[in-house]
Amino acid sequence: MHPPTLLHFFETQQHGVDHSQHLLSVIGDIAQACKLVAREVSHGALLGNMGNVGHENIQGEQQKTLDVISNDIFIKMAEDNPYIAGIASEEMEHTLEFSAKAGGFLLVFDPLDGSSNVNLNLSVGSIFSVLPGPDSEGPLTEQDFLQLGTQQVCAGYALYGTSTMLVLTTGQGVNGFTLDPDSGEFMLTHPAMRIAPEAQEFAINMSNQRFWQPPVQRYIDECLAGTQGARGKDFNMRWVASMVAEVHRLLIRGGVFLYPLDSRTKGKGGRLRLLYEASPMGWLIEQAGGLATTGHKRLLEIEPTALHQRVPVILGAQEEVELLLSYHSLKDPTA
Ligand code: AHG
Ligand code: MN
Ligand code: MN
């Protein structure tokens with residue numbers, strides 16, 4: 001028997017959950033957009049799209065041609081979908097409103113995550129978060145997008161790896177679908193994804209070590225000390241430089257991921273962006289049984305104050321994140 005397709009799964013398999021036709025339409029169109037991005041990415045150097053566009057985006061980062069192409073794919077999809085009232089993107093300074101669709105959902109996305117991997121033929125992805133539209137009539141404002149992560153109605157990512165996968169939640173656990181290149185359908189291959197509470201693998205950019213704060217210094221020191229240290233067990237380490245790939249690894253084989261506050265990014269609030277990186281990934285991780293925090297506060301409960309706001313991110317295996325939380329709460333975290 002074939003596994004269910006993405007839409008068949010949401011229409012029939014999640015018993016007792018009311019997925020409105022409007023939300024299903026949005027999910028279906030996000031999946032379509034991800035397929036188109038996967039196609040663009042898979043052309044590699046063939047279409048001459050591997051370089052930078054020659055200017056920076058609002059984040060002060062060099063925009064890659066594929067960042068722009070992926071962003072355009074998401075914009076067109078959202079414009080055409082009857083139930084998306086407005087969008088915000090990593091690649092756009094301001095939100096876009098589709099006024100004819102007032103009352104629809106808001107879609108926030110990182111169209112191409114880990115885009116520095118593109119030229120290396122390594123994994124990249126897309127991250128998305130669907131939020132309820134405002135109750136009030138009238139034009140959308142940026143404020144309408146500044147919602148708590150707990151308000152999300154759907155969140156997920158597409159991973160453009162050795163296979164293309166769509167992994168998402170609507171609040172009833174996390175399910176993963178693999179794109180069948182023959183039929184062009186996303187098929188359920190990873191039902192009910194869970195993160196084991198304990199872990200022996202961490203992911204952090206070690207080159208930032210000297211800039212970290214004491215709680216993270218202590219945690220990583222103890223992981224590195226392995227069987228000879230306080231943890232009494234050896235840890236493995238990974239760093240893919242694409243949050244999508246890192247979170248996917250957590251969902252497949254566990255572990256913990258950190259992009260913590262450090263002395264260089266402190267002024268900006270952190271490295272990763274709240275609305276289209278931390279918040280959707282935080283919800284996925286929680287839905288898989290893990291935890292997602294800044295070190296002091298649950299990611300999903302951070303009140304956003306700006307569209308491109310950055311936050312420290314610590315997420316993954318429950319026991320590891322709890323240990324990190326306990327170090328952050330100490331007056332002397334090196335104790
Ligand atoms: P983006 O390509 O959308 O700007 O995001 C990249 C992010 C994230 O995916 C990854 O975890 C991190 O940046 C990598 O940071 P380093 O440059 O420190 O490796
Ligand atoms: Mn990103
Ligand atoms: Mn990006």
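Student: Which residue has a polar side-chain atom that lies 3.0 Å from an oxygen atom of ligand 1?

Tutor: Asp-110 is one of them: a polar side-chain atom of Asp-110 sits 3.0 Å from a ligand 1 oxygen, which makes a polar contact (a pair of N or O atoms within 3.5 Å). Before we go on, this is a predicted model, where local features need pLDDT of at least 70, side-chain atom pairs count only at pLDDT 80 or more, and totals for chains, interfaces and linings use all residues. Residues are numbered from 1 along each chain as its sequence is written, chains are lettered from A and ligands numbered from 1 in the order in which they are written, and side-chain values use heavy atoms, with hydrogens and water left out.

Back to ligand 1: Trp-239 also places a polar side-chain atom 3.0 Å from one of its oxygen atoms, while for a polar backbone atom of Met-243 the distance to a ligand oxygen is 2.7 Å.

Now follow Asp-110 to the metals. Together with Glu-90 and Leu-112, Asp-110 coordinates the manganese ion (ligand 3) at 2.2 Å; donors here are N, O and S atoms within 2.8 Å of the metal (3.2 Å for Na, K and Ca), and water is not among the atoms, so sites may look incomplete. Asp-110 coordinates the manganese ion (ligand 2) too, and the two ions are 3.7 Å apart. Asp-110 counts as buried because its relative accessibility is 0%, and Leu-112 counts as buried at 2%; buried means under 20% relative accessible area (1.4 Å probe, protein chains only).

Methods: Polar contact = N/O pair within 3.5 Å; in protein donor to acceptor, adjacent residues only side chain to side chain. Buried < 20%, exposed > 50% of the residue type's maximum accessible area, 1.4 Å probe, protein only.
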